[in-house]
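Visitor: I am new to reading protein structures. Could you walk me through one, feature by feature?
Guide: Gladly; let us look at it together.

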Amino acid sequence: MHLPDGFLSHGINAATFVVSAGACAYGVKRVNRNFGEREVPLMGVTASFIFAAQMINFPVAGGTSGHFLGAVFSSVLLGPWASLIIITIVLVVQCLGFADGGLTAIGSNIFNMGIIGALGGYGIFSLIYTLLQKSRKGFFIALAISSWFSIVMGASAAAIELAISGTSPLKIALTAMAGIHAIIGVGEAIITTAAISLILKTRPDLVASYVKKGVLHEKTT
Amino acid sequence: MLALFLSPLASTSPDGLEKVAETKGFAEKGGSWKFWKHAPLSDYTIPWIKNEKVSTALSGLIGTLAIFFIALGIGKLIKKSPPVKRILSLLLFLLPLFSTSVFAAHPLITDDTGTQGKGRFQLEVNSEVNYGKESEAGVKTKTTGGEVATILSFGIIDKVDIVLGIPFQWFKEKENGEILSRESGISDISLELKWRFYERDGWSFALKPGATFPTGNEKKDLGTGRVTYSIFFITTKEIEPLAFHFNIGYMRNENKLDERKDIWHISLASELKLIKDLRLVTNIGMERNPDRTSNKHPAFILGGFIYSIFENFDIDIGIKGGLNKQETDVTILAGIAWRF
């Protein structure tokens with residue numbers, strides 16, 4: 001989903017850059033409030049895991065492949081604002097070091113994957129989690145659904161940006177992008193749910209959004 | 001670990017976006033114009049390793065380790081530092097990504113007559129760090145400070161630019177080793193219009209009216225507390241490989257600080273093209289002292305380099321020295337300019 005240089009108009013890139021920079025600045029402020037000794041190394045590990053996992057493309061239908069995004073994954077571990085910063089770091093390194101995603105499109109990529117993916121994905125997660133009364137089952141259902149949405153919403157945002165930039169008509173871009181990413185989103189949901197449940201089994205204290213509600217803690221202790 | 005073992009085995013099919021771009025026929029839009037061509041590990045390969053799988057695995061490992069330390073470092077910065085440092089580190093983090101200057105510009109104080117052209121933007125991020133020492137009647141005063149200014153220029157028509165500047169400043173004043181004051185924040189935002197009204201045979205002339213707005217807190221010495229106005233007359237003469245710029249300006253320094261209201265500015269700059277992308281710049285100038293109690297006026301001399309990494313992307317560095325006691329002793333300037 002990493003948009004290269006030249007797909008989007010400069011206007012869109014500038015606008016999303018401003019929004020992304022603002023969100024990151026606010027994110028830094030928010031993260032500062034509740035960051036302790038433990039979260040800092042966890043942030044490093046999460047960021048490198050996401051980077052590594054993003055390198056692994058899994059095949060989906062019709063000669064296309066997709067890869068893990070990890071926006072909801074890191075949101076659930078460290079909170080949505082820390083997740084936005086992690087995604088931003090990963091995108092910047094991918095862009096500068098590996099020519100994956102354009103430099104001029106960095107604002108748009110952060111917007112699509114960080115703001116829509118991480119913040120938006122986490123919003124859906126906490127909505128569903130709350131609706132399902134914060135049960136253990138509800139946690140995983142919320143996780144799977146919000147992971148799927150984070151991909152599809154991010155791809156849709158990219159499609160809308162492509163349409164505004166005049167690269168491709170909205171109808172075609174949106175149906176194609178959302179269509180393919182609806183399948184990639186299933187992969188995202190499986191990986192996120194599997195990875196989080198593994199962490200919950202071994203180190204439940206690391207999953208911030210689960211511990212906060214204290215459900216598992218009460219059960220296990 | 002994951003990256004090391006699995007990445008070479010990853011599907012080589014194009015990913016979701018690439019596929020859509022191919023099938024819907026806009027894939028070629030990306031390849032034709034690439035802004036950042038200097039990624040050391042383009043497309044996840046190490047250039048000098050021939051074996052594709054080893055190359056991908058190693059570059060993945062390098063990236064993973066790099067990300068770990070970068071995220072760790074940023075996490076630490078976020079956690080510990082006070083607000084000012086946080087904003088600064090964030091700016092420093094964003095700085096290499098987005099900054100700029102056209103013809104002369106930063107680190108020069110003297111402006112040139114260059115405009116962006118209709119519909120074109122220039123984004124500059126200019127920074128400076130300064131240091132000054134004064135000793136009067138046994139009292140030693142040391143001042144350290146700096147500024148990061150974001151400047152956006154937009155060409156309304158070919159010969160007229162509108163320029164918005166947002167400065168972020170900080171400073172610390174020490175008297176005999178004790179901190180007297182320490183402030184930071186957004187200073188007065190400026191808005192200018194530059195009109196190049198004449199050009200012929202290497203000569204060009206421009207007028208630049210402008211105003212600053214009291215967005216800073218004058219009680220903290222950030223800004224003047226009132227709307228100020230200014231007008232500059234700019235001359236540029238180009239004789240390859242040299243260019244000279246001359247400024248004369250008047251500023252109506254309305255303020256709440258009991259400073260002089262009529263400020264004059266005069267300065268001269270030169271540019272010499274050393275090699276294709278590298279320019280040596282020098283600058284000298286003087287301004288009326290806003291301090292009513294002094295009749296000596298601050299004067300400066302400056303030298304620096306501007307290097308164009310790409311046709312539309314410059315970096316610059318300079319050092320400015322005070323020619324008398326009224327000017328700050330030493331200022332280091334650095335900035336970036338990006339035109340789009």
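Visitor: Which counts of helices and strands does chain B have?
Guide: Chain B has 5 helices and 13 strands. Please keep in mind that this is a predicted model. Of the 340 residues of chain B, 31% count as buried.

Visitor: How many helices and strands are there in chain A?
Guide: Chain A has 9 helices and 2 strands. Read from the N terminus on, its elements run α-α-β-β-α-α-α-α-α-α-α. Of the 221 residues in chain A, 59% count as buried.

Visitor: Now the nonpolar core. Which residues of the largest one touch the most other members?
Guide: That core has 81 residues, and those touching the most other members are Ala47(A), Ile85(A), Ile86(A), Ile87(A), Ile89(A) and Val90(A). Elements giving two or more residues to this core include H1, H2 and H3 of chain A, together with helix H4 (52-80) of chain B. The largest share, 15 residues, comes from H6(A).

Visitor: Which residues does Ile86(A) touch, not counting those up to four places away in sequence?
Guide: Ile86(A) touches Met43(A), Thr46(A), Ala47(A), Ile50(A) and Ser74(A), and from chain B, Ala71(B). Apart from this core lies another, of 12 residues, with Ala105(B), Val281(B), Ile336(B) and Trp338(B) among them.

Visitor: Which residues in H1(A) are buried?
Guide: First the general idea: an α-helix has 3.6 residues a turn, so residues three or four places apart point the same way. In H1(A), the buried residues include Ile12(A), Thr16(A), Ser20(A), Ala23(A), Gly27(A) and Val31(A).

Visitor: Where does H7(A) bend?
Guide: H7(A) bends by about 30° at Ala182(A). This helix has 33 residues and reaches 45 Å from its first C-alpha to its last, close to the 48 Å expected at 1.5 Å a residue.

Visitor: How do I read a pair of helices? At what angle do H3(A) and H6(A) cross?
Guide: Their axes come within 8 Å and cross at roughly 130°. Where they meet, Ala71(A), Val72(A) and Val76(A) in H3(A) face Leu143(A), Ser146(A), Ser147(A) and Ser150(A) in H6(A) by contact.

Visitor: What should I know about phi?
Guide: Most residues other than glycine have a negative phi. Here Gln133(A) has a positive value, near 55°, and Asp201(B) has one near 50°.

Visitor: Where is Gln133(A) placed, and is this residue buried or exposed?
Guide: Gln133(A) sits in the loop between H5 and H6 of chain A. Gln133(A) counts as exposed, because it has 9 C-beta neighbours inside 10 Å and the cut-off for exposed is 12 or fewer. Asp201(B) is found in the loop between strands E5 and E6 of chain B, and with 7 C-beta neighbours inside 10 Å it counts as exposed.

Visitor: What about His297(B), and which residues is it in contact with beyond four places in sequence?
Guide: His297(B) lies in the loop between strands E10 and E11 of chain B. His297(B) is partly exposed, with 17 other C-beta atoms within 10 Å. Its contacts, leaving aside neighbours within four places in sequence, are Met286(B), Glu287(B), Arg288(B), Asn289(B) and Gln326(B). The C-alpha atoms of His297(B) and Asn324(B) are separated by 8.2 Å, although the two are 27 residues apart along the chain.

Conventions: Residues numbered from 1 in each chain as written. Chains lettered and ligands numbered in written order. Predicted model: local features only at pLDDT ≥ 70, side-chain atom pairs only at ≥ 80, totals over all residues. Core = buried A, V, L, I, M, F, W, Y, C linked by C-beta atoms within 7 Å. Buried ≥ 20, exposed ≤ 12 C-beta atoms within 10 Å, placed from the backbone. Helix = DSSP H or I, 4+ residues; strand = E, 2+ residues; numbered from the N terminus. Contact = placed C-beta atoms within 7 Å. Expected span 1.5 Å × (residues − 1). Bend = angle between axes of the 7 residues up to and from the residue. Axes fitted to C-alpha atoms, helices over the stretch in contact; angles between N-to-C directions.
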